[in-house]
Amino acid sequence: MKMKRYVLLLCLVSLSLSALPALYITQPVRHIDARNLAMGDVQGSNAEGLYALFMNPAGIVRKNEAIVHAGGLGVSAALEPELVTAAQDYAQHFQGVGSIPEMNELLSHADFRNGVGASESHVLGASFYGLAAGINYNTDFLVRQFSLEEPVSMDYQFGLTMAGGGSVRLKLGKNDLYVGASVRKEYQAFSQAQIVTDSAADLVANWEFQDDIPAVLASGIAFDAGVMYSADPFMLSLTVRDIGGTTLTCQESTFSEAVNLFTDSREALAKIYSPSEFFDPSGIKPTFEGEYIEDLVIPMSIIVGGGVDLNLFDALRLQLLGEYRVSTEYITSLQIPDNTSPDTFWQDLHLGAELDLLDMFQIRAGINQGYLTGGVGLSFIRFFSLIDLSMNLTYYSWEAGSYAGQSQTEALKFDVILSL
């Protein structure tokens, strides 16, 4: 009974903090891994181990692991036949066949109405005995042009999260209750612009105007909490993200500096794997030197989810998951509005499923903000019971507009996870 009171108290405190004033708001970069994106971006009831730090900290204690590196690459583009053929020709020069074609020749076959861009992500860290610490690093870049008569819309986001947290598992009869909390240090850079040009392809291939585009660099500290209740085969979860609203201190910058922040942080991340730098990861922390603008606030969000986890014939595992994210409105441009529109029902709904065969091959599908997602995964047999290697390929789609159905964006993502 006492534990139930503690869980209820945690929920009530988190809900009361939502009444705190939030002057301005922004949407963070949170596309973490290909597996969850394939399952409709369900995060709350699917969290375990290190990844739970960035999703639902209650799941940390569910898995002991040390992720040596999880790296992912994503490409946003409508996969039309002309673009696929051009991409194959472009890739041939890596095999020593043919000359290197021009990048803008490849991009001329892309449909910029759907959006053309790329993403990159890296995760490393460890979770043992309910404690976890890790780094999540990602960037997203997207260019759109709905018609030749309209300007090109460019969106760039960079996010670096350094997090730590813990969770405990409590036995309630035959069932389990997981309770956890975490703290995140957030670094973000984002830039948006409307650019008049005759060719979006030439624009992407030649970035000679980078210093003319404004950008914002931001940093702040965030707190998360969560609970998970497992009554085999059912699971319920509650996650409270950005408790009380996460204040980001913002400085003015340029698109060029924002991209340099991305490249410098990636180089610092690579140094961690050097024997001389392994125990000194401080260099990964970005340095902001621009003029202070003002504070933005990431609004608190409450994620309610659940699902079922079934073992079938000792060879198949089926997971059916769903969640709904109750959050306040987000801004969609660097022009901070006095009033913004709240999310629609579909924007906050996430559904996913995974069929796992012999713990080696996975088939996934889901619905993310009203759009279909899907993917496959391959988990290799452990080498000497020490190393796990898995690969995931995902197609996912999300809403880039202010309401579901306004502006669909599609992407493919591939990631490789090496863990101990």
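## The E6–E7 hairpin

Strands E6 and E7 form a hairpin, with two residues between them. This is a predicted model. The two strands run antiparallel and are joined by seven bridges.

Pro 233 lies in the loop between E6, residues 214-231, and E7, residues 234-241.

## E6 and its other partners

E6 also pairs with strand E5, residues 175-195. These two run antiparallel, and 15 bridges join them. Within that pairing, Val 183 stands opposite Phe 223 of E6.

Strand E8, residues 246-254, is another partner of E6. The sense is again antiparallel, over six bridges. Here Ser 219 has Thr 249 of E8 as its bridge partner.

How many of the 18 residues of E6 are buried? The count is 14, and the strand is mostly covered.

## Aromatic pairs

Six aromatic pairs turn up in a search of the whole structure. One of them is Tyr 137 with Phe 158. Their ring centres are 5.6 Å apart and their planes meet at 75 degrees. An angle over 60 degrees counts as edge-to-face, so this pair is edge-to-face.

What does this pair tie together? Tyr 137 lies in strand E3, residues 131-144, and Phe 158 lies in strand E4, residues 152-172. The contact therefore ties together parts that are 21 residues apart in sequence. Both Tyr 137 and Phe 158 are buried. Ring pairs also bring in Phe 262, giving a cluster of Tyr 137, Phe 158 and Phe 262.

A charged side chain meets a ring elsewhere. Arg 62 lies over the face of Tyr 178, at 6.0 Å from the ring centre.

## Val 168 in E4

Strand E4 also contains Val 168. Is this residue buried, partly exposed or exposed? Its relative accessibility is 43%, so Val 168 counts as partly exposed.

Val 168 and Leu 131 are 37 residues apart in sequence. In space, their C-alpha atoms are 8.9 Å apart.

## The E12–E13 hairpin

Eight bridges join E12 to E13, and the two strands run antiparallel. Leu 351 has Ile 367 of E13 as its bridge partner. Three residues sit between the strands of this hairpin.

Which backbone angles stand out in the hairpin? Leu 358 takes a positive phi near 55 degrees. Asp 359 has phi near 60 degrees, a positive value in a residue other than glycine. Asp 359 is in the loop between E12 and E13. With a relative accessible area of 54%, Asp 359 is exposed.

Where is Asp 41 found? It is in the loop between helix H2, residues 34-38, and strand E1, residues 65-76.

Asp 41 is buried, with a relative accessible area of 8%. Asp 359, in contrast, is exposed.

## A nonpolar surface patch

A nonpolar patch lies on the surface, with about 900 Å² of accessible area together. Its members are Leu 355, Leu 357, Leu 358, Met 360, Phe 361, Ile 363, Val 376, Leu 378, Phe 380, Leu 393 and Phe 414. Leu 358, noted above for its positive phi, is therefore part of this patch, given that a nonpolar residue must have over 30% relative accessible area to be included.

Which elements give two or more residues to the patch? They are strand E12 (349-357), strand E13 (361-368) and strand E14 (371-379).

Leu 393 is a patch member found in strand E15, residues 388-399. Its relative accessibility is 43%, so Leu 393 counts as partly exposed. That value passes the patch cut-off of over 30%.

Key:
Residues are numbered from 1 along each chain as its sequence is written. This is a predicted model: local features need pLDDT of at least 70, side-chain atom pairs count only at pLDDT 80 or more; totals for chains, interfaces and linings use all residues. Side-chain values use heavy atoms; hydrogens and water are left out. Patches are made of residues with over 30% relative accessible area and no salt bridge: like charges are joined within 9 Å, nonpolar side chains (Val, Leu, Ile, Met, Phe, Trp, Tyr) within 5 Å. Accessible areas come from the Shrake-Rupley method with a 1.4 Å probe; for residues, only the protein chains shown count as cover. A salt bridge is a side-chain nitrogen of Lys or Arg within 4 Å of a carboxyl oxygen of Asp or Glu. Helices (H or I, at least four residues) and strands (E, at least two) are DSSP runs, numbered from the N terminus. Buried means under 20% relative accessible area, exposed over 50%, partly exposed in between (1.4 Å probe, protein chains only). Rings of Phe, Tyr and Trp (its six-membered ring) pair if their centres lie within 6.5 Å; planes under 30 degrees apart count as stacked, over 60 as edge-to-face and the rest as tilted. A charge sits over a ring if NZ of Lys or CZ of Arg is within 6 Å of the ring centre and within 35 degrees of the ring normal. Two strands pair if DSSP finds at least two bridges between them.
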